[in-house]
Structures are given as structure tokens and as C-alpha cells.
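I am opening a notebook on this structure and will write down what I look up, entry by entry.

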Amino acid sequence: MIALLIRDLRLAMRAGGGFGLGLAFFLIVVTLVPFGVGPQSDLLARIAAGILWLGALLACLLSLDRILALDWEDGSLDLLATAPLPMEAIVSIKALAHWLTTGLPLVLFAPVFGLLMNLPEAGYKPLVLSLLLGTPALSVIGTFGAALTVGLKRGGLLLSLLVLPLYVPTLIFGAEMARRGVEGLDITTPMLMLAGITCGTIALLPFASAAVLRVNLR
Amino acid sequence: MNLNALWAYANPKKFIQATDRVLPWISILAVLSLVVGLVWGFFFTPEDYRQGSTVKIIYLHVPSALMAINAWLMMLVTSLVWIVRRHHVSALAARAAAPVGAVMTLIALATGAIWGQPMWGTWWAWDPRLTSFLILFLFYLGYIALWEAIEDDDTAADLTSILCLVGSVFALLSRYAVNFWNQGLHQGASLSLDKEENVADVFYYPLLVCIAGFVLLFIALVFLRTQTEIRARRMRALLARERMG
């Protein structure tokens, strides 16, 4: 399992792996938003938390088809399936590798982007905390979507259509938590709900992803 | 009735024979109750003292919203039957119900917008009920798109039924998440089994007839579409055999 994780991380880090691509995409979104809504700093401050969450979500979405598609194309997914590792473990590791290469950098760089978006000072801690709690759920749900569409030739657009509705609860609670943090309100309720969604998806969705992947490899 | 006898209709031939027999009756009943319910509702009920004639959109709005949710519920049940017992008719019925459910969702959203414009002064508000219906519509779209995208029938049935199960959980989660996210503009339930909060009797009875009409219409459409799917698949099998021979 560890070997698989290290292999996936190494593949992502090296050329063509797309490490940092999500981060760059995040930066572009944050750069483009002021062009779209205007540079007034009070307006930006008000929508900063929501935009940062949306940017993180889209950056996550962008890298989803890389989770399984490359392994599917060169046949290593078939080898993994015959390995003495349960399919549930494989998809969990894949999701973890995706989170480490996409979600975690987003969490770490979120304060910098918050600076660009003129995020009020009180908002930084809740924002980073909400992204830290929420992005694992995005990766796990995304792995399910990637497993669903792995056999398709042009699955990219379909993948977005399937995954984005599933992202709704995570986005609602994550953005709500960050917003409440900005306004100095109590963040306990959305934080607990967000953590609950993340724990629930991590515990249950790998079974669905593994079942789907088995069907696709049949 | 012995519930086990129901499984006999998992045989495609039996299913087509049985539905062929009941389909004309269901269709006639559906048309009849829709005509009676809508004419009764539109022309023979008083106008509401505050809403005026716009109240009458309830005869389309409530039944279609009801069917939008129940269609998904039916897809959930048939998907489960496919996963557990692997009856092809069940998977095809789920496939047949999806577009009907999507259209029902769209009707509910559209009639709601038409009613909302004069009553709330806006076509659309980010109200929990409205928002969750929009999300439900997106789920329908994803489900239909996945069916269309996969070539192999059994793979498509497997994948879409798992998507339906996972999607149901997330749809339910979204329903309560949006409640938390925004306060509602939409009124409470118009109908419920405890009679206290129901609409007035003059509107209630034609509404029941309309709901019956929508239910029958849904059943008729699903039967018809499932038959079409079965026949299309049989035709493909025959063509393939001919090419081989």
C-alpha cells in the first residue's frame, strides 16, 4: 500500500504529472475574479471565502481524470486489480495521493490567495480549517466519479456533470464555515457537519468506487 | 397477493404481455383523470381571495413535484433490484423512468417560476426547496448522461444503479444542507396525511384527481418506455445473430 502511494506521488511530482497544475489553476481563478466583479476591496472581501472555496473545488475537479485514467491506459490498473490488495484499498490510496498532490497544496497556499482576495483577518483560520476538513471529501468523491467514467473515451465533461452535484453538501458547509469565520460568528455547527461529511465519505465511498471499478475492469 | 408472484414479471416476455394488457386501460384512466382534474380545477373552483386565479397552477405544480421525487425513488428501488437480483427489466425500467422524472422536475420548476413571478415578485429565489429541486434535476441529467455514454448494456446498468444509490444519499444530504444554508420563501407542504395543514377542500379534491392522473401517466410512460427498451434490445440481438449467421 505504501509502495503504491509512493509510486503515485512520484508520478505526480515528475514531469507531466501535473503537480502544481491545480495550484496554478487556483491562482488563475483568483486573478480572474476581480476582473469579473471589479476591484473594489470591500466587495472582494465579502465574496472572498466563497470564491476561494469555489476555486479549490474547480482546481480539484480539473485533476480528477488523472487519478485513474493514466493507469487505465497503460494497463497498470489491471495489474493492481490482480494484486493481493483489495480494490477498496487501491481506491483509498488513489484518493489519498490525489489529496496530497492537489488538496493539501491548496490548503497550504489558501492564505496567500486570501491575501489577494482581501480576505478579512478573522477569516484566515476558519478558511484554512474548512479547506483542510473539506478537501479530503472532494478527493474521495472525485475518485468515485473517476472510477465511474474511467472506461470512457471522452469522460471529462461527463465526469464534471456527475461529480459536481455530489460536491454540493461539502461546498455548502465548507463555504458557510469560512463565511461565518469572516463575519466572526460561531463556526461549530458547519464545522461539525463538514467533518461528518468528510468522515462519512472516507468510510463509505471507497466501497462504491471499488464496486464501480470492478465493473469497469470486467 | 403473494409477493413472490411479482418476480414472474422480471421475465421480459411476461412483462411485455402483462403490460400490453393493462397499458390501454392505464392510459385511458390517466387521460380521463387528467382531463377531469384539470377542467374541474381550472374552471369549477373559486379563485383564492389573495392569490386570485394563479392558485390554479397548483394542479400542475404539486403533482409534478410529487412525481419528480417518486420517480427517483422508483429508480432507487429498481436499481436495488437490479443489483441484488439482476433482472434486466428492472434496470431498463430505471432507465425508462429517468427522462420522465427529469421532465417532471422541469415542469415543477417552470410552473413554480410562473407562479412565483406574480406572487413573490421573482421568477427564482435561492430558496431551499427550489434549490434542492434544481440539484435533483442535475442528478437526473448526470444519470441519463451516464446511461447514454456507456456502450455495453450490462456495464451501463451496473454503473448507473450504483450512481443512483450514491446519488440518493447525496441528494438527501443536499436537501438538508440547503435548509441550513438559506431561509425559505416556499410555503410548507400543501398535502400531508395529517389533515390539519391541508389546502381547503374545494382545491383538495380536484388536486387529488390530478395527482392520480400524474401517477397513472407516469406508470403508463414507464411501461411504454420499458417495452420500447426491451424490444430495441431484442432487435439488436436479432440483428447481431443475423450478421453472425
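**Entry 1: a pair of helices in chain A.** I sorted the residues of the contact of α6(A) with α7(A) by class and have 16 nonpolar, seven polar and one charged. In this sorting Ala, Val, Leu, Ile, Met, Phe, Trp, Tyr, Cys and Pro count as nonpolar, Asp, Glu, Lys and Arg as charged, and the others, Gly among them, as polar.

**Entry 2: how to read the model.** I remind myself that this is a predicted model, in which local features need pLDDT of at least 70 and side-chain atom pairs count only at pLDDT 80 or more, while totals for chains, interfaces and linings use all residues. Residues are numbered from 1 along each chain as its sequence is written, and chains are lettered from A and ligands numbered from 1 in the order in which they are written. For the complex the predictor gives an ipTM of 0.86 and a pTM of 0.88. Chain B has a mean pLDDT (the predictor's confidence in each residue, from 0 to 100) of 85, and 89% of its residues reach 70 or more.

**Entry 3: the loop between α6 and α7 of chain A.** I then looked up Asn118(A), which lies in the loop between α6 (87-116) and α7 (124-149) of chain A. The phi of Asn118(A) is near 60°, a positive value in a residue other than glycine. I set beside this that most residues other than glycine have a negative phi. With 17 other C-beta atoms within 10 Å, Asn118(A) is partly exposed; a residue is buried if 20 or more other C-beta atoms, placed from the backbone, lie within 10 Å of its own, exposed if 12 or fewer, and partly exposed in between.

**Entry 4: α8 and α9 of chain A.** The axes of helix α8 (residues 156-182) and helix α9 (residues 188-217) of chain A come within 9 Å and cross at roughly 150°. That makes α8(A) roughly antiparallel to α9(A), and α8(A) passes α9(A) in a left-handed crossing. Residues in contact have C-beta atoms, placed from the backbone, within 7 Å of each other, and here those of α8(A) include Phe173(A) and Met177(A), while those of α9(A) include Leu194(A) and Ile197(A). I have eight nonpolar, two polar and two charged residues in the contact of α8(A) with α9(A).

**Entry 5: chain B and its side towards chain A.** Chain B has six helices and zero strands, and 38% of its 245 residues count as buried. How many residues of chain B are in contact with chain A? I find that 20 residues of chain B are in contact with 17 residues of chain A. Both α4 (128-149) and α5 (153-181) of chain B supply at least two residues each to the side that touches chain A, and the largest share, twelve residues, comes from α5(B). By class, this side of chain B has 16 nonpolar, three polar and one charged residues.

Entry 6: Arg86(B) is found in the loop between α2 and α3 (88-120) of chain B, and has a positive phi of about 55° although it is not a glycine. I record Arg86(B) as partly exposed, with 13 other C-beta atoms within 10 Å.

Terms used
Axes fitted to C-alpha atoms, helices over the stretch in contact; angles between N-to-C directions. Helix = DSSP H or I, 4+ residues; strand = E, 2+ residues; numbered from the N terminus. Parallel < 35°, antiparallel > 145°, perpendicular 65-115°, else oblique. Left-handed = near helix turned anticlockwise from the far one by under 90°. Contact = placed C-beta atoms within 7 Å.
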